[in-house]
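Trainee: I have the sequence and the structure open. Can we go through them together, with questions from me and answers from you?

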Amino acid sequence: MTSLTLCLSDFYSSNLNYSTRLVLHTRDSKGRVTDAASTALSLLKDVQVDAIIGPQRSSQATFVIGLGDAANVPIISFSATSASLHPQTPYFLQTALNDAAQVDAVAAVVKYFRWYQIVLVYEDSEFGNGITPYLANAFQQVNARVSYRSIIPVSASDDFILQEMYKMKTMQTRVFVVHTSSVLASRIFLKAKEAEMTSDGYAWIVTSGIMDLFYSLNSSVVESMQGVVGVKPLVPRSSKLNSTTVRWRKKFADDNPGITPQEEINLYGVWAYDTLWALAMAAEKTGFKEPSSSPNSTDVFSTGISQTGPKLLAAMLDTKFEGLAGNFQLDNGQLKPSSFEILNVNGKGLRQVGIWTPFVQSSSQVYGNATGFTGEKLENIIWPGESRNVPKGWEVPLSGKKLRVGVPSAAGFPEFVKVERDPKTNSTKISGLYIDLFDAIMAELPYAVRYEYVPFAGSYDDLSYQVSTGNYDASVGDITITATRSRYVVFTLPIEDGGVTRIQKIQYDSDPNDKWFFLKPLNWKLWLTILALVIFTTLAISILERKFKIAFMSIVFSHSEDIATNLARVVVVVWMLVVLVLHSTYTASLAARLTVFKLQQGDADINILIRNGDYVGCREGTFLVEFLKRLGFHESRIRTYKLPEEFESALSKGSEKGGIRAMFSRTPYADLFLSKYCVKYMKVGSPYLTEGIAFGFPKGSPLVGDVSSAITELTDNQRISEIKKRWIRQSGCTENDPSQFGWTDIGLKSFKILFGVTGAVTGACVLLFLVSFLCKNRDEVKRIYNETHPDIWSKVEAICMLFNQQNIRPE
């Protein structure tokens, strides 16, 4: 009332020439909804007012708005801020910021400190319920989840509030967002302090409804609110605001003797001042008042229809000026959003720690890491318990329940996960690599987390779903990250690489009992070349030694035959080199074929398995069944097994005898399988890329970030590798794995140079011998050539006879 009367005085003092004057008709609703409705009806029917400023509360506004709409009279409220009030009627104007305007600022604080779960505390009223959908949506946009909603009745007893505080204390979340009236907030914080929930590790965020009236709270409430962070519309400092505040304090003291005025006008007082100023400007634009028409009904709730109201409404919507609270402008009947102060309760007052400015578009959209704070940071916040350390946002209370960690009971290798039940005590013992890894990671967290392992007999997808429904708090085991499971849970960083590997039985490329097996080491081109080289060398020596038998014996038994000519000796020496190389190569290749095996080449192509209709196997309950279907295998050709012994038996039988042709498994599982059966089986082809193995938590769980950080830490210091070595022994076949070896038929290309040198040397010797022979017997050769012979062949025959008649003499 001080602000309204001061505004009226200031406005007409500054505008003496205005022809209109506002007259205030004050009615007290006593804070009750019915009284607000009856007094508004009285003003409309008896006084025939042109506008109603008020009502004060959102619950009262719901009733009064309908009356104003029926009478075409603007209902203007500077304090009813509920988001649910608008838009209900065109005749309702909110000259206070709608509560929905602040939700993005609150969400920005949550995002800035990387909190992922919050508890929402609000009163059960029009004021409290109106904002909750907007808050929930804003938190969702910054990846935060409302883990619990504490609804406090306006008339709640202190015992009820205290019990609610103890209930929230047993929860994990330590971030509380409070949206209540200042009166109810006072009681909540007193009980929160009594429950020791205003100490180190807790974070409290309050909305503007509490911050706006902070200086009206008594000292005990302020003491209980130390470290609280709140948002409040930013009122820019100005000379007009300063001078108005001085006069306001004096007038308040005159109007309310015995009550010490506040240091500053609270936000509702500022909005009240600007509201009446805008209404006075709109009235001057309207210019005159026409009487309302009389009601046509005897209904007690009927009012006349104002002729001035529509004009006054239009003038209000068109009014713009710089008021005490900043720029006054209505957008669709609501005060346009402004920036917000981020305030921290410190001592007896509020300290500004940041300013949040709305984005160009709605901040409910995704803006990366942007938060909207000036300078993109909040500075020097003192948290509850006088701590300067940012609360991590959650903790597992000692009095809280243990986390239920689901573990697949039907795991394959016991080295990964092993679930045993003691028949005597009926107790369950769970061990394995992933159990030790989870224990080590949880021990690395900077706080204690109580948990227990619970066996789960279903599939891995079912386990993930159970985590999402709350039956389990986490899933641990050899669980691969898949798209299906990611719809239910959020995974930590992988603790092991992924990949799917194919394993098949080692098979001979050809049967060693085959009668032609001795020809396998060398391919057919090489055999034909060797045969040709034998014939060529035999002919060469025959020419050089002039006797075929001696020539043949020389190349076979070169170490025992007497060679007469030097050229023949050169040919034989070269031939001995060729024989030595061929002998060694053939012997090595044949021995390799008898001792080292190679998988048949056709198996390297997975399409051959599909075309042949071969059976393949994978782990029961894993994602691999769907994976194999996507590769092209028909469901009827996929067989599932649980234990490694079952896989070994199926692989040894083969697809034709009721087993499988190939086994598909995660790469770590395949490595462990081959460490036991590497003599009989081997990897085939390159692994298929998949996501790794990780732990699953409910979406929004604050544990995910901390567990992922612990995984990174243990990976860097080699702890994870050490734990793996304790459980997974290295394969004894690593260095001699048959899958790493192979051989092919030795071809002609390998001996090109050797055969080329041999042929060149042998040919050169023969050519040299023939030239020498022709030179020595040139007279005889000339005679034979000059003699008349029937044909050319007769001349060649005569030369050959001359060649045979020559005696071989040692050179």
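Trainee: Which residues in H4 meet H5?

Mentor: Keep in mind that this is a predicted model. On the H5 side the contact uses Ile131, Tyr134, Leu135, Ala138 and Phe139. Their partners in H4 are Val103, Asp104, Val106, Ala107 and Val110.

Trainee: Are H4 and H5 roughly parallel or oblique to each other?

Mentor: Helix H4 covers residues 103-112 and helix H5 residues 126-141. Their axes come within 9 Å and cross at roughly 40°. Angles under 35 degrees would count as roughly parallel. That makes H4, relative to H5, oblique.

Trainee: At what angle do H13 and H24 pack?

Mentor: Helix H13 spans residues 433-444, and helix H24 spans residues 719-727. Their axes lie 9 Å apart. The two are therefore roughly antiparallel. The packing angle is about 150°.

Trainee: Which residues of H24 does H13 meet?

Mentor: H13 passes H24 in a right-handed crossing. From H13, the contact takes Leu433, Asp436, Leu437 and Ala440. By class, the contact of H13 with H24 holds 6 nonpolar, no polar and 4 charged residues. The H24 residues are Arg719, Ile720, Ile723, Lys724, Arg726 and Trp727.

Trainee: Which loop holds glutamine 718?

Mentor: Glutamine 718 has a positive phi of about 70°, although it is not a glycine. Most residues other than glycine have a negative phi. With a relative accessible area of 43%, glutamine 718 is partly exposed. Its place is the loop between helix H23 (703-716) and H24.

Trainee: Is asparagine 380 buried or exposed?

Mentor: Asparagine 380 also shows a positive phi, about 55°, and is not a glycine. Its loop runs between strand S13 (349-356) and strand S14 (403-408). Its relative accessibility is 54%, and the cut-off is over 50%, so asparagine 380 counts as exposed.

Trainee: How are H1 and H10 placed, roughly perpendicular or oblique?

Mentor: Helix H1 (residues 2-14) packs on helix H10 (residues 239-255) at about 120°, with axes 10 Å apart. Roughly perpendicular covers 65 to 115 degrees. H1 and H10 are therefore oblique.

Trainee: How many nonpolar, polar and charged residues does the contact of H1 with H10 have?

Mentor: H1 brings Thr2, Ser3, Thr5, Leu6 and Asp10. H10 brings Thr244, Arg247, Trp248, Lys251, Phe252 and Asp255. By class that gives 3 nonpolar, 4 polar and 4 charged residues.

Trainee: Which residues does phenylalanine 11 touch, beyond those up to four places away in sequence?

Mentor: Phenylalanine 11 sits in helix H1. At a relative accessible area of 2%, phenylalanine 11 is buried. With residues up to four places away left out, phenylalanine 11 touches Tyr18, Trp277, Ala280 and Met281.

Trainee: Is phenylalanine 78 buried or exposed?

Mentor: Phenylalanine 78 lies in the loop between strand S2 (75-77) and strand S3 (92-94). Its contacts beyond four places in sequence are Ile53, Thr95, Ala96, Tyr268, Trp271, Ala272 and Thr275. Its relative accessibility is 17%, so phenylalanine 78 counts as buried.

Trainee: How far apart in space are phenylalanine 78 and alanine 96?

Mentor: In sequence, phenylalanine 78 and alanine 96 are 18 residues apart. From C-alpha to C-alpha, the distance is 4.6 Å.

Trainee: Which peptide bond is cis, with omega near 0°?

Mentor: Most peptide bonds are trans. The residue to look at is proline 55, in the loop between strand S1 (52-53) and helix H3 (58-71). The cis bond runs from glycine 54 to proline 55.

Trainee: Last, what share of the residues in the protein chain is buried?

Mentor: The chain has 27 helices and 25 strands. Of its 811 residues, the buried share is 49%.

Methods
Residues are numbered from 1 along each chain as its sequence is written. This is a predicted model: local features need pLDDT of at least 70, side-chain atom pairs count only at pLDDT 80 or more; totals for chains, interfaces and linings use all residues. Side-chain values use heavy atoms; hydrogens and water are left out. Helices (H or I, at least four residues) and strands (E, at least two) are DSSP runs, numbered from the N terminus. Buried means under 20% relative accessible area, exposed over 50%, partly exposed in between (1.4 Å probe, protein chains only). Axes are lines fitted to C-alpha atoms, for helices over the stretch in contact, and angles run from 0 to 180 degrees between N-to-C directions. Angles under 35 degrees count as roughly parallel, over 145 as roughly antiparallel, 65 to 115 as roughly perpendicular and the rest as oblique. A crossing is left-handed if the near helix is turned anticlockwise from the far one by less than a right angle, and right-handed if clockwise. Contact means heavy atoms within 4.5 Å. Ala, Val, Leu, Ile, Met, Phe, Trp, Tyr, Cys and Pro count as nonpolar, Asp, Glu, Lys and Arg as charged, and the others, Gly among them, as polar.
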